[in-house]
Amino acid sequence: MAFNQALRLTSILLAAVSFIGLTLGSGLPAWLAVLTGGGLIVVLLRQFTVESLRHLASHVSFSSAGWNLLVIVGFLGFWVDMFWVSGELLPAGIHFLMILMVIKLFNLKLRRDYLHLYAISLVAILASGSLTTDLWYLPIFLLYLVAGVWTLMLFQITKGSEDADALLIADQSRQPELLGRVTPQLFWLANGLALVCFGMTLAIFFTIPRISAGFYQKGFGKNIRTSGFSETVNLGAIGPIKRDPSIVMRVEVPRRTLHAMDRFYVRGVSFDQYDGKSWTNRLGYRRNLSEESPGMFIIRGHQSPAPSRLGDTIQQNILLEPLDTSVLFAAPFAEKISGKFPVVQSDFAGSVYLPFPSASRIEYSVVSRSHPVLPADLGSEPTHYPESFTRHFLQIPYISGRIGRLAEDITRAQTSPYEKAHAIQTFLIHNYRYSLDAPLAGVDRPLEEFLFLRKTGYCEHYATAMAIMLRTVGIPARLVTGFLATEWNEYGSYYVVRQQDAHAWIEVYLPHSGWVMMDPTPPSGEPVGDVYPAWRALERILDNVKLQWSRFFVQYSAVDQLAVVRELKAGGQSVGHKALDSMATLFSPILRLLGGIPDYVFSSTLRPQGSSWGLIVVACIILLALSVKRILARAFPDKKRTHEDHRIVDLYKQMIKRLADKGIAKTATTTPLEFVHIARIRWSEANLAVASITELYCRARFGGIHLTEEELGVAEDRLRCLTMLGKS
Amino acid sequence: MPLQMPFFVRRWFLHRSTKVTSEGLQFLIFTLAIGIAAINTGNNLFYLLLAMMLSLILISGIVAEYSLRRLVLHRHLPDLIVVNQPVTATLVVKNRKSSLPSFSLTIFDVSDGRDLARGVTVHELPSGASRLVSYPFLATRRGRLRLDGVRVATEFPFGLFMKKAFYHVEGSVVVCPEIIPLDERLLQGLMSTGQEQNLHRRGHGSDLYNLRLYHAGDDSRSIHWPTTARTSQLTVRETEAEEQRRATIRLLTIAPVSHDVVFEQAVSLSASLVQHLAHQGYVIQLIVGADCSTFGHGDAHLHELLRMLALCQRSDPSGEFIARKKFEPDRREDEGGTEIVVQSWCGPEDHQPMRLTLLVDGQPVDGALHGL
């Protein structure tokens with residue numbers, strides 16, 4: 001393809017990529033997307049020499065005045081759009097930008113027009129960056145980079161003939177040979193440059209200092225609407241969101257294998273008061289948590305007179321999507337929380353909050369401690385609770401004889417609080433069925449409806465039923481809402497938590513163990529999904545990529561940079577160890593193989609040194625591979641150069657032979673220049689040819705200068721002349 | 001003691017220079033704008049775009065440097081060129097890089113530290129390949145023209161910066177004075193005032209040179225029959241050669257600074273006379289100041305004389321000359337032929353810088369200035 005055609009094509013592609021970016025970022029109304037997309041398709045078709053279309057275009061083309069008029073109309077439209085339609089500068093500006101892009105696409109005549117198009121596309125890709133943080137921006141950005149490198153390079157190459165550029169660019173069918181064509185060498189060079197450019201972009205992106213003055217900052221998109229985490233929650237509020245697959249958070253659990261948790265509970269808010277239809281958190285008074293170190297907050301007390309400290313700690317890193325609640329979720333029971341927060345608050349029930357809902361994705365780490373049931377609670381000692389405690393967690397809305405009798409019946413045989421709680425849990429799990437189709441919202445007494453009539457419901461009903469039944473028999477309990485994560489992403493080692501994982505369970509207070517979590521909800525029994533496992537695996541891989549994109553690109557900040565610097569500062573040693581570990585992992589099969597060789601060859605005393613030997617051998621192989629090119633280059637010098645040298649040496653030898661035929665023999669002690677002098681005296685007509693060939697011979701042979709094809713051609717001509725002279 | 005930069009740094013700055021192009025300036029402004037937007041919003045995707053643009057700038061510098069590296073240049077100029085007469089100069093550019101091609105190389109001649117654009121561009125030079133480019137070369141002053149080297153510039157790959165590299169390709173060429181068409185009146189003056197001098201020797205011609213006895217091998221057509229009949233001995237007629245004529249051109253180099261322009265005109269006139277007379281078959285001797293050539297003819301002799309004229313320098317008159325009222329050129333011993341003296345200054349009495357004097361055998365000829 002000729003340079004000017006390639007330039008036109010890449011310019012259109014550059015514009016197309018930025019247009020796609022804006023469209024995916026929902027920055028364009030449908031009519032404008034169709035108009036711009038249509039314009040791009042038409043221009044591309046014209047580019048690929050569709051003769052009929054070109055003929056048609058020549059008939060319907062506007063004059064320059066017509067295009068100018070369109071620009072003016074577009075500009076007026078921009079003001080109308082800004083004040084009356086969109087009402088904002090950014091959308092109106094983007095709409096106007098697309099109009100300009102369409103106009104420029106149909107007017108690519110001069111180099112100036114190309115520059116305008118590049119500027120428009122750059123602003124468009126910038127605008128799409130302001131509209132989104134999704135993963136799709138990455139491929140769009142990569143495409144833009146490749147198209148940009150190609151375009152700039154071709155624009156520069158076609159700059160050579162300034163006078164002819166307008167003609168060449170305007171009419172690509174004419175004189176395509178004037179500037180040249182895209183050669184395979186140029187093709188690979190351009191793509192290689194794009195690759196290098198991407199690598200350097202990443203390096204600069206991660207190292208460029210993050211300074212955020214914040215004059216104009218905004219969040220991205222709308223917060224995800226969720227329910228079940230406000231001060232008051234109606235029974236059944238979680239039901240509607242149980243069918244929403246939107247991801248609300250991802251939870252990394254570094255030591256998951258130790259816990260082997262298939263079900264991971266993420267605690268949100270707890271409720272203590274039930275009025276028969278809704279739960280309320282009356283312990284919701286929030287206080288600021290003290291900061292142990294910058295960004296690390298300690299959560300003290302869970303309204304528990306006997307906190308347990310014997311459970312395992314669970315470390316989690318949570319990436320929370322922007323939600324419409326300020327609750328910070330964590331595995332029960334959170335003890336420390338760290339993140340980029342100025343303030344973190346907590347209520348008396350141990351729930352953790354931000355002062356206000358975050359408008360963007362946030363990441364934080366939590367250390368939680370599980371509360372196991374202690375053996376002391378398995379006995380049947382009488383229990384006394386403080387009045388303030390019983391007021392909150394033994395409250396029941398009304399005296400229901402049926403519920404009381406049911407609870408008494410279930411727990412009659414049990415003596416300890418834990419056994420009673422366990423009996424109720426078992427009863428609910430085995431005698432009731434899980435169903436999301438449980439319209440209990442309009443019922444007067446939904447709990448009794450659930451327990452005695454319908455006997456189907458979902459987590460809220462089960463948790464409420466168990467909490468009330470426990471309170472009826474004098475055991476403190478509270479309802480907790482949160483998420484139950486079951487979807488493990490093995491590629492990224494984290495739980496994916498979706499809206500549909502919203503869950504409710506209870507916490508039972510045991511005298512010695514403190515608050516203990518119990519879940520009376522039976523398994524749903526609904527199919528997980530009818531999609532293929534491969535597809536689900538692909539989905540998880542994609543989700544992992546999204547997470548990494550978000551973590552390393554969207555969320556990357558000055559704090560991360562400082563952490564990297566600190567890591568490097570803390571030691572070359574740890575970095576070195578990590579690098580060594582990575583290398584060892586990479587080469588472990590080879591190392592094992594090579595490590596076995598000394599074992600096999602030598603005695604067993606050398607066994608521990610096997611890996612070291614292997615490492616040394618691998619290092620030697622790598623070094624050899626790296627230096628082999630240089631060694632080869634020294635052993636076999638440039639073939640082309642040798643070939644050229646040989647040619648001129650052959651020509652010189654032939655010249656000597658011709659002169660010898662004429663009786664002018666060159667002795668071994670005569671230098672080439674002396675021989676020229678002798679030849680001039682004895683055969684003056686041949687002087688020009690002899691001097692010329694000798695000069696080229698000396699330059700190549702002793703001067704180390706490469707001879708060009710032209711110079712070799714001259715030498716051959718001179719030899720031919722010499723031969724003719726000899727014959728005559 | 002002034003701070004001395006290391007040698008390689010000085011060499012680098014001498015041999016490399018970078019200039020921002022107009023497109024590059026726009027690009028830098030956009031980069032700055034995106035940088036400000038990134039700082040304002042804290043949006044990492046803006047930082048990503050900013051990083052892309054910065055990497056393009058960096059790659060521009062690196063690739064341009066590689067494009068300009070390891071080039072070999074050879075310039076070929078004619079041995080002798082004439083003022084205001086364009087000649088073709090050729091330049092061989094070879095890319096000695098093992099794998100990387102060079103693109104968009106613009107070539108400048110460097111003379112006296114100035115870049116002289118030649119309109120020569122090599123669009124693509126694959127690794128190991130060479131290109132022969134030629135361009136018109138026009139010298140505007142006589143003398144020895146020294147070319148320091150060649151400056152190769154490229155805007156590759158993105159046209160944001162123009163990077164230049166200097167290559168030492170020293171060359172010098174002798175620029176002859178301008179050859180002007182001689183005025184008809186001047187030529188007539190030469191013919192009439194100057195005595196055409198035939199050198200008396202035998203050769204082809206019509207005039208009788210000698211009669212002698214016939215020798216074996218003589219052309220029978222040259223037998224002079226009347227004398228043969230009168231003397232009864234075969235006698236042949238020898239003719240006098242007509243084409244061999246002699247001329248000595250003297251250019252007086254003594255002239256004050258005020259007569260510099262006239263001196264250059266005198267040099268130009270001398271060169272034109274030399275050229276004209278050489279084409280007329282004259283055997284010419286040139287005396288420029290104290291330098292004196294031999295009599296000779298042929299292209300090689302002509303080039304030698306033109307080179308003398310190209311390199312001659314005006315010398316200021318000394319006190320002795322100024323003391324004389326009138327400056328009389330020294331007459332040399334008569335070696336035969338016409339003596340033409342070109343004089344740009346006639347002595348202290350000469351206050352007319354535009355007056356050029358031409359003496360043919362001591363007689364002034366009008367019209368010397370005509371056409372200059």
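Axes here are lines fitted to C-alpha atoms, for helices over the stretch in contact, and angles run from 0 to 180 degrees between N-to-C directions. Helices (H or I, at least four residues) and strands (E, at least two) are DSSP runs, numbered from the N terminus.

This is a predicted model, in which local features need pLDDT of at least 70 and side-chain atom pairs count only at pLDDT 80 or more, while totals for chains, interfaces and linings use all residues. Residues are numbered from 1 along each chain as its sequence is written, with chains lettered from A and ligands numbered from 1 in the order in which they are written.

**Exercise 1. Two helices of chain B**

Task: Work out how helix α2 (residues 22–41) and helix α3 (residues 44–68) of chain B pack, and at what angle.

Solution: Start with the geometry.
- The axes of α2(B) and α3(B) lie 9 Å apart, and the angle is about 155 degrees.
- Angles under 35 degrees count as roughly parallel, over 145 as roughly antiparallel, 65 to 115 as roughly perpendicular and the rest as oblique.
- α2(B) and α3(B) are therefore roughly antiparallel.
- Their crossing is left-handed, a term used if the near helix is turned anticlockwise from the far one by less than a right angle (right-handed if clockwise).

Now look for the residues that meet, where contact means C-beta atoms, placed from the backbone, within 7 Å.
- From α2(B) come B:Thr31, B:Ile34, B:Gly35, B:Ala37, B:Ala38 and B:Thr41, and from α3(B) come B:Phe46, B:Tyr47, B:Leu49, B:Leu50, B:Met53 and B:Leu54.
- By class, the residues of this contact are 9 nonpolar, 3 polar and no charged.
- In this scheme Ala, Val, Leu, Ile, Met, Phe, Trp, Tyr, Cys and Pro are nonpolar, Asp, Glu, Lys and Arg are charged, and the others, Gly among them, are polar.

**Exercise 2. A helix pair in chain A, and one residue in it**

Task: Describe how α2 (residues 30–47) and α5 (residues 89–105) of chain A cross, then decide whether A:Met98 is buried or exposed.

Solution: Take the pair, then the residue.
- The two axes come within 10 Å and cross at roughly 20 degrees, which makes α2(A) roughly parallel to α5(A).
- α2(A) passes α5(A) in a left-handed crossing.
- A:Leu32, A:Leu35, A:Thr36, A:Gly39, A:Leu40 and A:Val43 of α2(A) meet A:His95, A:Met98, A:Met101, A:Val102 and A:Leu105 of α5(A).
- These contact residues comprise 8 nonpolar, 3 polar and no charged.
- A:Met98 sits in α5 of chain A and is buried, because 28 other C-beta atoms lie within 10 Å.
- The cut-offs are 20 or more such atoms for buried, 12 or fewer for exposed, and partly exposed in between, with C-beta atoms placed from the backbone.
- Not counting residues up to four places away in sequence, A:Met98 touches A:Leu28, A:Leu32 and A:Thr36.
- Its C-alpha atom is 9.1 Å from that of A:Ser121, 23 residues apart along the chain.

**Exercise 3. From a helix pair to a strand residue**

Task: Find which residues join α14 to α15 in chain A, and say which residues A:Ser278 contacts.

Solution: Begin with the helices.
- α14 (residues 446–454) and α15 (residues 459–472) of chain A pack at about 95 degrees, axes 10 Å apart, and that makes them roughly perpendicular.
- A:Leu447, A:Phe450 and A:Leu451 of α14(A) make the contact with A:His461, A:Thr464, A:Ala465 and A:Ile468 of α15(A).
- The classes are 5 nonpolar, 2 polar and no charged.
- A:Ser278 belongs to strand β5 (residues 278–280) of chain A and is partly exposed, with 17 other C-beta atoms within 10 Å.
- Leaving aside neighbours within four places in sequence, A:Ser278 contacts A:Thr232, A:Val233, A:Asn234 and A:Leu235.

**Exercise 4. A sheet in chain B**

Solution: Follow the strand order.
- The sheet is open, has 3 strands in the order β2-β4-β7 (chain B), and pairs antiparallel; two strands pair if DSSP finds at least two bridges between them.
- β2 (71–76) and β7 (130–137) of chain B are the edges, each with a single partner strand, so one side of each lacks a neighbour in the sheet.
- The twist averages 20 degrees from one strand to the next.
- Strand β4 (residues 87–95) of chain B is joined to β7(B) by 8 bridges, and B:Leu91 has B:Val133 in β7(B) as its bridge partner.

Technical notes
Two residues are in contact if their C-beta atoms, placed from the backbone, lie within 7 Å.
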